[in-house]
Amino acid sequence: MRQYELRRNESAPAADDERAREVLEGLNEAQQTAVQATEGPVMIIAGPGSGKTRTLTHRIAYLIARGKAQPRDVMALTFTNKAAREMRQRVQQIIGSGSARGMWMGTFHSTFARLLRREGKHIGYTSDFSIYDTDDTDRLLRNLMKGLNIDPKQFKVRAMRSLISSAKNQLVSPDDYQRMATGAAQERAAQLYGPYVQTLRRANALDFDDLLIKPIELFETHPDILEQYQRRWRYLHIDEYQDTNHAQYKLAKLLAARHKNICVVGDDAQSIYAFRGADIGNILSFQRDYPDATVVRLEQNYRSTKTILQLADSIIKQNEDQLEKELWTENHEGEYVVLIEALSERDEAKKIEQTVRDLHVREGYSYDDFAILYRTNAQSRSLEEALRRGGIPYRVIGGVSFYQRKEIKDVLAYLRLLVNPSDQASLRRVINYPTRGIGAKTQERLFQYARREGLSAWQAIQQIDESGLSTRAQNAVERFGFLISSHAAKAESMPADELARALIKETGMLDELRNENTRESLGRWENVQELISAIAEFTAQAEEATLATFLQEVALLTDLDEDEGQGNRITLMTLHASKGLEFPVVFVSGLEEGLFPLSRAAQEREQLEEERRLFYVGATRAEQKLFLSYARSRFLYGTQESAVRSRFLDEIDPAVVRTKAGGPIKRKKNRFTLEEGDAVDYDDVDPHYYRRNLRGSHNTSAKRTRTTTRRAGTGSSSGGSSSSGRRVVYDEGAAEIVPGVRVEHDHFGEGKVQALDGEGEQMAATVFFQSVGQKKLKLKYAKLRRIG
DNA sequence: AGAATGGACTTTTTT
DNA sequence: AGTCCATTCT
């Protein structure tokens with residue numbers, strides 16, 4: 001491909017019509033329209049697999065080829081680093097490597113972090129600011145809650161965080177929020193919001209929301225800076241526009257206000273992030289904001305078979321809220337979508353594993369052609385077990401990513417403290433790790449002293465001799481202060497990776513990990529080494545190769561962005577993580593009521609519709625084969641729950657689905673009547689049934705005495721009753737668990753019930769197992785089956 | 001200060 | 001069932 005060179009200072013680069021024609025080649029009519037609409041606002045409504053990234057890429061290439069823009073005039077915002085990376089690569093492929101230089105292409109968060117590195121000083125941030133992830137903010141909030149006497153049992157930290165986060169995204173200030181907060185939870189959040197913001201500010205730290213909000217603040221208070229960027233980015237592109245939240249919407253609007261060359265791409269049917277503030281209204285109201293917008297629909301699908309598309313269409317048709325779209329494809333009819341029915345989640349995993357193996361062996365699919373999708377991360381476990389047993393290589397996306405691991409976060413905290421000594425969260429994290437004699441008491445006194453004197457924690461450490469702490473504590477704190485400051489002093493003269501290595505070495509962390517000498521600790525030791533090489537690599541090739549930049553970028557990485565893990569493996573991930581990806585063979589697992597859709601989401605229409613869109617997203621990841629699966633019972637949240645198959649299975653078009661055996665799937669006329677084989681939860685049946693059988697045993701206090709007394713092996717028939725007035729029945733036909741009976745447990749095998757105590761949910765059995773001896777097990781959790 | 005034990009609680013999805 | 005937290009024990 002010909003190199004397309006541009007001179008930087010040329011204000012009107014030469015047009016290259018031949019090149020522009022090339023860029024349009026191979027695009028369909030709708031895509032060409034979108035690419036050629038170079039002036040004014042453009043909205044591309046794109047179905048799944050319609051080549052929207054391709055269209056966006058070609059549009060950028062076209063702008064440059066036609067001389068409308070230089071690379072540096074172009075900005076493209078995506079939602080994942082991966083998407084940005086791919087787009088950059090493709091642009092380079094088309095217009096020549098190197099010519100994408102100067103183009104701002106990245107996620108919202110990383111892009112505006114970069115902007116704040118440059119301009120943050122105008123609103124009081126140095127470029128060394130720390131970025132706090134949810135882990136950091138949760139710790140911070142927990143501390144604040146302790147100070148304000150908010151009971152973390154009553155008000156969950158994550159709930160507080162998410163309330164504050166949505167207030168921030170809506171651009172509601174702490175004062176305003178205080179005024180508009182209603183209900184106990186919101187009032188607590190309002191109490192926390194102000195101190196939370198102050199703490200971050202004092203720490204020269206930003207959370208994820210700040211990365212979007214602070215630029216807005218900057219632009220609103222400094223119109224000259226806004227104008228500078230408005231002039232610079234004459235062409236603004238936003239991918240996945242349906243997932244923008246209010247702050248992102250506002251940023252886009254501010255930046256596009258001058259030139260109005262804003263091009264957004266989205267699919268309302270794939271909006272699945274409302275829970276984190278994404279506002280589907282942003283795409284629905286684009287035309288109201290920009291009445292002269294060119295609207296293009298990309299309705300041809302290049303990814304999936306006709307059958308898969310038909311199924312997807314039957315899913316999404318159930319939703320009320322949607323823009324009209326008619327998807328079609330020239331692809332083959334393809335095979336039926338297959339429904340896999342399983343008895344338990346283990347069985348489901350096994351059947352999926354067998355299917356994978358079968359397709360691999362018999363039809364020659366390679367392992368990386370497969371993806372298994374699920375609603376919650378917890379579901380990966382049974383799948384992993386089955387795959388491991390079957391010897392199938394896999395990778396899990398969305399578990400604990402490299403940069404989330406404790407040892408890595410510890411090292412990162414040290415480094416953050418080096419570049420940003422005000423970073424209190426990091427200081428708290430490492431001040432006594434590894435232990436160096438600065439215990440909880442000393443820390444408390446230190447922070448108290450700081451507060452009393454109006455010092456930052458770091459300043460307090462510098463002036464520790466006036467703190468009134470014991471000499472021993474003072475010495476320990478002083479040593480810590482010296483450790484940090486002596487390395488900080490070397491930051492200028494030493495390459496970042498060497499600095500990191502030296503610091504880590506001196507902390508003794510590595511020795512501690514090595515001395516522990518377990519498999520895990522050695523693994524952690526290796527992780528730390530790997531982190532150091534990552535720093536070295538970064539400093540060697542990044543544009544802004546400072547340690548601070550490294551730390552900021554690392555905070556915004558997700559493990560979806562990590563290396564594609566060389567090797568041929570199948571991929572396991574949540575439905576959310578699968579967005580934007582495609583695979584020849586896809587499994588959507590766990591299609592059960594309460595799980596998918598989640599029970600909490602099934603209550604409200606809007607949430608249910610989001611779950612349905614999630615199903616739509618999952619189904620449309622598949623190119624050739626799609627499998628849907630559910631289990632009749634599932635071990636979830638600690639208990640074995642019986643499950644009813646998802647309503648989604650009753651909504652889909654049965655004409656394109658077959659069971660594993662090849663038969664048609666049966667739709668239920670009425671999902672609330674039980675059919676043969678449906679598992680029954682006894683609590684859902686006639687509540688009076690048990691009561692009737694319990695006549696005559698209403699003396700509650702007497703019963704309590706009986707049930708709490710150990711009565712090994714008496715075998716009394718009243719042993720299974722509890723003071724709630726209900727007999728507890730745990731399994732169909734297996735009758736009650738009473739002292740004296742023999743039982744079987746999944747892990748411990750056979751045993752004999754010695755005694756029962758507790759009541760209701762708390763009821764526990766003392767069981768003597770042949771294998772492990774005596775155990776006390778809560779009946780609610782341990783699934784005991786009566787045998788013999 | 002750190003280990004050990006016992007109890008409560010848990011599970012949406014994520015930049 | 002596992003994890004995290006708090007309290008108690010050494």
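Predicted model: local features only at pLDDT ≥ 70, side-chain atom pairs only at ≥ 80, totals over all residues.
**Stop 1: H25 and H26**

Colour 519-541 for H25 and 547-555 for H26; their axes come within 10 Å and cross at roughly 115°. Helices here are DSSP runs (H or I, at least four residues; strands are E, at least two), numbered from the N terminus. Axes are lines fitted to C-alpha atoms, for helices over the stretch in contact, with angles from 0 to 180 degrees between N-to-C directions. Show Leu531, Ala534, Ile535 and Phe538 of H25 against Leu547, Thr549, Phe550 and Glu553 of H26; contact means heavy atoms within 4.5 Å. That set holds six nonpolar residues, one polar and one charged (nonpolar: Ala, Val, Leu, Ile, Met, Phe, Trp, Tyr, Cys, Pro; charged: Asp, Glu, Lys, Arg; polar: the others, Gly among them).

**Stop 2: a cavity beside H26**

Stay on H26, which gives four residues, the largest share, to the lining of the second largest cavity. A cavity is a set of points on a 1 Å grid over the protein atoms alone where a 1.4 Å probe fits but cannot get out, and lining residues have an atom within 4 Å of a point. The space inside is about 40 Å³, a volume being what probe spheres set on the points fill, with points joined across faces, edges and corners. Select Asp128, Phe129, Ser130, Ile131, Arg416, Val419, Ala548, Leu551, Gln552 and Ala555 to see the lining. Strand E4 (130-132) and helix H18 (406-419) also supply at least two residues each.

**Stop 3: H1 and H3**

Next, pick 17-24 (H1) and 52-65 (H3), whose axes come within 9 Å and cross at roughly 170°. That makes H1 roughly antiparallel to H3 (over 145 degrees; under 35 is roughly parallel, 65 to 115 roughly perpendicular, the rest oblique). Arg19, Ala20, Val23 and Leu24 of H1 meet His58, Ala61, Tyr62 and Ala65 of H3.

**Stop 4: H6 and H9**

Finish with H6 (134-147) and H9 (184-202), packed at about 125° with axes 10 Å apart. They are therefore oblique to each other.

Terms used: Residues numbered from 1 in each chain as written. Chains lettered and ligands numbered in written order. Heavy atoms only, no water. 1 Å grid on protein atoms, 1.4 Å probe; cavity = no way out; pocket = protein on both sides within 12 Å on 5 of 7 lines; lining within 4 Å.
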